[in-house]
Amino acid sequence: MLEIRDLNVKYGHFTALRGVNLTVQSGEIVVLLGANGAGKSTLFRTLSGLQRPSGGSATWNGRSLTTGRPEVNVANGVAQCPEGRLLFPELSVEKNLRLGAFVHRRDASGTARELERVYELFPALVEKRGAPAGSLSGGQQQMVAIARALMARPQLLLLDEPSLGLAPLVVEQVFQAVQRVNAEGVSVLLAEQNAFAALGIAHRGYVLEGGQITLDGPQQALMTDDRVRSAYLGV
Amino acid sequence: MTLFLQQLFNAAALGGVYALVALGLTLVYGVMRVPNFAHGGLYMLGAYFTFAGLTRLGWPYLLSLLVAALLVAAIAALMERFIFYPLRDAPHVQPMIAAIGVLFFMEAAIAHPRVFGPEFQTMPSPINTIVNVGGVTVTGQRLLVIAASVLVVFGLNYFLKRTLTGATIEAMSQNRQGARLVGIDTNRVGMLTFAISGALAAVAAALIAPINLVSPSMGEVMNLKVFAIIILGGMGSVPGAIVGAFLLAFAETFGGAYISTDFADVIGFAVLVLVLALKPQGLFRRSA
């Protein structure tokens, strides 16, 4: 289980996250709603060990995620598919995926198995396996980014804005893939501006505003909440 | 025609040496995003370590070369750890100045009368055979330079393209954050890249030193050339460094032979100015 307690993150004098409490139970999809600049990516960077918090704690199954060593977090089962994808654009799709399994580099057969699984999840990538990742369409690059994170065989997948800039049909494909991954036992924390699609697949959700959690609840409650409806669903 | 062929061999040997030195510099720039102005110093150390192995310890050439490469690799890795790593978040000008400081320190240390002294010295040529290729006489050392540099470049290419460790270097230079997110220890990759760049510079120096002379300031001259080369080829680009190296070597050699030796350096840098005027990003522009 992911347990975030009283998490504070500062950039100099600017407080990006203030007293954030959040949990993801094993097997859940939890959505984190919030506008641009609300602090979603800061939270994700912190959970991946790229950003040190100024206070509070974040643990996955009791192991601290705030040691400042991203490779330890990945090895402990927490992988991130970041906003903007951060692929290796000149390397082939397959090499991107193999690098996603870097923490399992001593387990070649396991990596080969995982490679088959992600190609099965995203069949569109099979024929692009030799192409430079940067040459793919936005939707396919997003698939590579998710697949690269899955190659680390995570127990918790942190998905930051996977629908950003994608066509509605592609968003649907991506979200279906996330559901399938979740059905196979991977917990998911999903940050989204596209609240409608995200709430559609989530079990629970949180609303992050100005670095603070202002609302949380199960999917149905958020779907019908007036504040969520007006701010994020546009109804 | 004989002159032409003669110059062709000279240019190929010079280009090979330039390529080895420039490749290390461009790899380090790609990974660290910092121009290592001390790179020429590593080259100079490589020459002196080989020189010391040959003349003071009486080792065979190949052993001297390998030990020099290992020593310089270690020094380069330490340089990353104790100079560039602590300055990783500082404004770029700070690591640059620190690197220049390291370069001067190395030169002063080597030029110290109790070490090697400031004067030019001749390294005994390990291969004294002269080979006749189609009416052109080429020294065995030049052929060795050409063959060895081609071998090393192919070896490096294999390492970067076919091994996972090599892929981490490319990954880090293409997206540092992405590399950290997949669990690549970027500190280790940084040190490794510096070590490789040091070894390449030392091998290049050990190869060319029997043809040229060794002197404490040889690194400064090489610095100028390899920076010109990687700017020409595109900062951080591996193929750019190779093409840039041979372009500069050919321009210098043929310019020197057919126009005037006094102008060899001028012609090389004229090519640089010309390319940058037409393609400011360098020949091999990096995406993103």
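**Chain B, overall**

I counted secondary structure in chain B and got 11 helices and 2 strands. Helices here are DSSP runs of H or I with at least four residues, strands are E runs of at least two, and both are numbered from the N terminus. Along the sequence I read α-α-α-α-β-β-α-α-α-α-α-α-α.

I worked from a predicted model, where local features need pLDDT of at least 70 and side-chain atom pairs count only at pLDDT 80 or more, while totals for chains, interfaces and linings use all residues. Residues run from 1 along each chain as its sequence is written, and chains are lettered from A and ligands numbered from 1 in the order in which they are written.

Next I checked size. Chain B has a radius of gyration of 19 Å, which agrees with the value near 19 Å for a compact globule of 288 residues. The radius is taken over C-alpha atoms, and the globule rule is 2.2 Å times the number of residues to the power 0.38. Along the principal axes, the C-alpha atoms of chain B fill a box of roughly 60 × 50 × 35 Å.

I then looked at burial. Of the 288 residues in chain B, 52% are buried (20 or more other C-beta atoms within 10 Å of the residue's own, with C-beta atoms placed from the backbone). For contacts (C-beta atoms, placed from the backbone, within 7 Å), I took pairs at least 6 apart in the sequence of chain B; 74% of these join residues at least 24 apart.

**Chain A, a helix pair**

I moved to H3(A), residues 93-100, and H5(A), residues 138-150. They pack at about 30°, with axes 7 Å apart. Axes are lines fitted to C-alpha atoms, for helices over the stretch in contact, and angles run from 0 to 180 degrees between N-to-C directions. Val93(A), Asn96(A), Leu97(A) and Gly100(A) of H3(A) meet Val144(A), Ala147(A), Arg148(A) and Ala149(A) of H5(A).

**Chain A, the sheet**

I traced an open, mixed sheet of 6 strands in chain A, ordered E6-E7-E8-E3-E9-E10. Pairing requires at least two DSSP bridges between two strands. The twist averages 15° from one strand to the next.

Inside the sheet I followed E3(A), residues 29-33, to E9(A), residues 204-209. They run parallel and share 4 bridges. Val31(A) stands opposite Gly205(A) in E9(A).

Last, I placed H6(A), residues 168-183. This helix lies across E3, E7 (156-160) and E8 (187-192) of chain A, at about 155° to E8(A).

Key:
A residue is buried if 20 or more other C-beta atoms lie within 10 Å of its own, exposed if 12 or fewer, and partly exposed in between; C-beta atoms are placed from the backbone. Two residues are in contact if their C-beta atoms, placed from the backbone, lie within 7 Å.
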